[in-house]
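The sequence and the structure are shown first.

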Amino acid sequence: MTHTPPFQLHLSPASPEDSEDIWRWRNDRDTIKNSNSPQAVPWESHSKWYNHMLQSEASELLIGRVDHGEKVGMVRFDVDTQHQYLICSINLNPAWRGKGLATGLLGAAISQRQSNHHWPIYAE
């Protein structure tokens, strides 16, 4: 049985205004502990990466919000043309972890993604 949170999730493409939130979530202690790269990311490195992500045609970055507009997390899809699959990354706002959002956020992002590729999706 799937747990349904008591609020609606809304997704939109990430914008420059989301950069600082994503950076703070990325540098959260629990995120670092569970990351493939277990170190904090300096602002300058994040800013360069983030601007590249927003302009990349090989990546799609979505921001999840609840009804009142608070940001609850992000989902990113990266196209791997060599292997013909999408790589998916998800990170929740630390204030929203443990509330049953991850599955719903990921499902909504998969349904809403803009990529024309209908390849398998792998979690990173």
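## Aromatic pairs

Trp 43 is partly exposed, with a relative accessible area of 34%; on this scale buried means under 20%, exposed over 50% and partly exposed in between, for a 1.4 Å probe and protein chains only. The model is a predicted one, in which local features need pLDDT of at least 70 and side-chain atom pairs count only at pLDDT 80 or more, while totals for chains, interfaces and linings use all residues. Residues are numbered from 1 along each chain as its sequence is written, and side-chain values use heavy atoms, with hydrogens and water left out.

The count of aromatic pairs comes to three. Rings of Phe, Tyr and Trp (for Trp the six-membered ring) pair if their centres lie within 6.5 Å; planes under 30 degrees apart count as stacked, over 60 as edge-to-face and the rest as tilted. Because Trp 23 belongs to helix H1 and Trp 43 to helix H3, the pair ties together parts that are 20 residues apart in sequence. Helices (H or I, at least four residues) and strands (E, at least two) are DSSP runs, numbered from the N terminus. Trp 23 is likewise partly exposed, at 22% relative accessibility.

A further edge-to-face pair joins Tyr 85 and Tyr 122, at 4.7 Å centre to centre and 70° between the planes. This pair links distant parts of the chain, with Tyr 85 in strand S4 and Tyr 122 in strand S5 (residues 121-123), 37 residues apart. Tyr 85 is partly exposed at 22%, and Tyr 122 is partly exposed at 44%.

## Strand S4

Leu 86 also lies in strand S4 and is buried, with a relative accessible area of 0%. The C-alpha atoms of Leu 86 and Tyr 122 are separated by 6.2 Å, although the two residues are 36 apart along the chain.

Ser 89 is another residue of S4, and it is buried at 10% relative accessible area. Apart from neighbours within four places in sequence, Ser 89 is in contact (heavy atoms within 4.5 Å) with Met 74, Val 75, Arg 76 and Glu 124.

## Salt bridges

Side chains of opposite charge can pair when their charged atoms come close. A salt bridge is counted where a side-chain nitrogen of Lys or Arg lies within 4 Å of a carboxyl oxygen of Asp or Glu, and the structure holds eight of them. Arg 76, one of the contacts of Ser 89, meets Asp 78 in a salt bridge with an N to O distance of 2.8 Å. Both partners are buried, Asp 78 at 14% and Arg 76 at 12%. Elsewhere, salt bridges that share partners join Asp 18, Asp 21, Arg 24, Arg 65 and Lys 71 into one network.

Asp 30 takes part in two of the bridges: one with Arg 29 at 4.0 Å, N to O, and one with Lys 33, whose closest N and O atoms are 3.8 Å apart. Lys 33 and Asp 30 both lie in helix H2, three residues apart, about one turn of the helix. An α-helix has 3.6 residues a turn, so residues three or four places apart point the same way. Asp 30 is partly exposed at 30%, whereas Arg 29 is exposed at 66% and Lys 33 is exposed at 62%.

## Packing of helix H1

Helix H1 spans residues 19-26, and its buried residues are Ser 19, Asp 21, Ile 22, Trp 25 and Arg 26. Seen down the helix axis, these residues fall within an arc of 165°, so they line one face of H1; the arc is taken from the directions from the axis to the C-beta atoms. They pack against helices H2 (29-34) and H3 (43-55) and against strands S2 (59-66), S3 (71-80) and S4 (85-92).

## The largest pocket

The largest pocket holds about 700 Å³ of space. Of its 23 lining residues, Arg 26, Thr 31, Ser 35, Ile 90 and Asn 91 are the closest to its centre. H1, H2, H3, S3 and S4 each give two or more residues to the lining, and the largest share, five residues, comes from S4.

A pocket is defined on a 1 Å grid over the protein atoms alone, as an open set of points where a 1.4 Å probe fits, with protein on both sides within 12 Å along at least five of seven lines; lining residues have an atom within 4 Å of a point. Grid points are joined across faces, edges and corners, and the volume is the space filled by probe spheres set on the points.
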